[in-house]
Amino acid sequence: LQRSIQVVDKEIVKIINSLNSTNRKVIALTNAWTGKYGKINSLEDWRINELKDLGYNFSNSFPKLPTKTFDDLKSKDSKRFPMYKSGILWTCNLSKEIVLSKFLEYSKFEPDMIIFIDDKEKHILSVKNFCKEGNIKFIGINYTGSNKFIDSLDKITASIQIYNLIHNKIWISSKDVINDDQIISPLKCMQ
């Protein structure tokens, strides 16, 4: 699988690494799916490796806690379940507060405060409600740093990318669509 990734904010990596060197627990909580997807045998292993390549490591907070699949939580895809692995919680698009609650129960960890950073306000409010119900201090931060990378959709570029993915089984970046003379013409993609 090919794709270009980059760190949105290098300071966040430094902050996480700094917190990891203390006694504080730092985990990632993502809406992403688990399991096999196309040529990817394990979305969770693939994502852990991507994050490590970018300098993120969440495995220090609960180093002895085994991987756990929360198969009692049903996602919209009956083959995919929320999971904890190497310091990361995958929700499989379920409510972050529900999966976080299950994780805290599983890990037997009782935080007195949760600092939660997310790019979606609905997730911040969800975890805030969870903390309020559990009498846990809460600080929510709506991180909007990735917004600067969102471009408007170029339909021609997107159609070339999709065509290439379907026919050549390779995802190409927007830059590669413009620079690669082997890419199929936009007119053929639109037929």
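What follows is a chat about a predicted model of one protein chain.

Colleague: What should I know before reading the numbers of this predicted model?

Modeller: In this predicted model, local features need pLDDT of at least 70 and side-chain atom pairs count only at pLDDT 80 or more, while totals for chains, interfaces and linings use all residues. Residues are numbered from 1 along each chain as its sequence is written, and side-chain values use heavy atoms, with hydrogens and water left out.

Colleague: What does the secondary structure of the protein chain come to?

Modeller: The protein chain has seven helices and six strands. These are DSSP runs numbered from the N terminus, with helices being H or I of at least four residues and strands being E of at least two. From the N terminus on, the order is α-β-α-β-β-β-α-β-α-β-α-α-α.

Colleague: What order do the strands of the open sheet have?

Modeller: The open sheet has four strands in the order β1-β4-β3-β2, with mixed pairing. Two strands pair if DSSP finds at least two bridges between them.

Colleague: Which are the edge strands?

Modeller: The edge strands are β1 (28-30) and β2 (68-69), and each pairs on one side only.

Colleague: How many bridges join β2 to β3?

Modeller: Two bridges join them, and β2 and β3 (residues 83-85) run antiparallel. T69 stands opposite M83 in β3.

Colleague: Which strands does helix α3 lie across?

Modeller: Helix α3 (residues 96-107) lies across β1, β2, β3 and β4, at about 130° to β4. Helix α2 (residues 43-53) lies across β3 and β4 (88-90), at about 140° to β4. Contact means heavy atoms within 4.5 Å. Axes are lines fitted to C-alpha atoms, for helices over the stretch in contact, and angles run from 0 to 180 degrees between N-to-C directions.

Colleague: New topic. Which residues make the nonpolar surface patch?

Modeller: M113, I115, I117, I139 and I141 make a patch of about 420 Å². Like charges are joined within 9 Å, and nonpolar side chains (Val, Leu, Ile, Met, Phe, Trp, Tyr) within 5 Å. Areas come from the Shrake-Rupley method with a 1.4 Å probe; for residues, only the protein chains shown count as cover.

Colleague: Which strand gives the most to the nonpolar patch?

Modeller: β5 does, with three residues.

Colleague: Why is I141 called partly exposed?

Modeller: I141, in strand β6, is partly exposed because its relative accessible area is 37%. Buried means under 20%, exposed over 50%, and partly exposed in between (1.4 Å probe, protein chains only).

Methods: Patch = residues over 30% accessible without salt bridge, like charges linked within 9 Å, V, L, I, M, F, W, Y side chains within 5 Å. Salt bridge = Lys/Arg side-chain N within 4 Å of Asp/Glu carboxyl O.
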